[in-house]
Amino acid sequence: MTGSSTQGIRTVLHPVSDLAKAKAVYAALLGVPPKTDSSYYVGFEAEGQHIGLVPGGGPQGMTSPVAYWHVPDIEARLAELIAAGAVVKEAAHEVGGGRLVATVSDPDGNVLGLLQDR
């Protein structure tokens with residue numbers, strides 16, 4: 001393994017079928033309005049956590065929430081996970097603002113997200 005470490009889970013994305021209804025529920029839960037509010041993504045910032053709502057599971061076809069582990073070097077962490085037996089679902093790619101994301105499946109099919117801010 002390299003010397004890199006995770007910075008913890010700070011981002012969780014939830015697929016939703018009705019963005020307006022979900023937005024109201026998460027705003028009530030978190031006690032804050034969305035920081036990002038568009039037709040394709042709604043994001044909340046609360047207590048150091050980012051909670052995102054993805055209508056219809058987005059282009060990645062999410063069917064359940066995905067927790068994103070923040071890492072300092074996404075490519076190095078992907079290599080370590082692949083060597084350990086994980087399977088890449090979504091290769092590292094930029095999603096805006098210098099943020100890179102990727103997803104892998106563990107041996108049981110659980111989806112793990114990785115996120116690197118540049």
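Modeller: Happy to! By relative accessible area, a residue is buried under 20%, exposed over 50% and partly exposed in between (1.4 Å probe, protein chains only). This is a predicted model: local features need pLDDT of at least 70, side-chain atom pairs need 80 or more, and totals for chains, interfaces and linings use all residues. Residues are numbered from 1 along each chain as its sequence is written, and side-chain values use heavy atoms, without hydrogens or water.

Biologist: Which class does Leu-112 fall into: buried, partly exposed or exposed?

Modeller: Leu-112 belongs to strand 8, residues 111–117. (Strands are DSSP runs of E, at least two residues, and helices are runs of H or I, at least four, numbered from the N terminus.) Because its relative accessible area is 30%, Leu-112 is partly exposed.

Biologist: Is Glu-47 buried or exposed?

Modeller: We've placed Glu-47 in the loop between strand 3 and strand 4. Its relative accessibility is 83%, so Glu-47 counts as exposed.

Biologist: On to charges. How many salt bridges does the count come to?

Modeller: Side chains of opposite charge can pair when their charged atoms come close. The rule asks for a side-chain nitrogen of Lys or Arg within 4 Å of a carboxyl oxygen of Asp or Glu. By this rule, the number of salt bridges is 3.

Biologist: What residue meets Lys-23 in a salt bridge?

Modeller: The N to O distance in this salt bridge of Lys-23 is 3.0 Å, and the partner is Asp-37. The pair links distant parts of the chain, 14 residues apart: Lys-23 sits in helix 1 (residues 19–30), and in strand 2 (residues 36–37) we find Asp-37.

Biologist: Which class does Lys-23 fall into, and which does Asp-37?

Modeller: With a relative accessible area of 24%, Lys-23 is partly exposed. Asp-37 is at 47% relative accessibility, so Asp-37 also counts as partly exposed.

Biologist: How far apart are Glu-80 and Arg-77 in terms of helical turns?

Modeller: These two side chains form a salt bridge, with the closest N and O atoms 3.1 Å apart. Both residues lie in helix 2 (residues 74–83). Because they are 3 residues apart there, Glu-80 and Arg-77 are separated by about one helical turn.

Biologist: And are they buried or exposed?

Modeller: Glu-80 has 16% relative accessibility, so Glu-80 counts as buried. At 12% relative accessibility, Arg-77 likewise counts as buried.

Biologist: Which strand holds Arg-99, the partner of Asp-117?

Modeller: The salt bridge between Asp-117 and Arg-99 brings their closest N and O atoms to 2.7 Å. This pair also links distant parts of the chain, 18 residues apart. Asp-117 is in strand 8, and Arg-99 is in strand 7.
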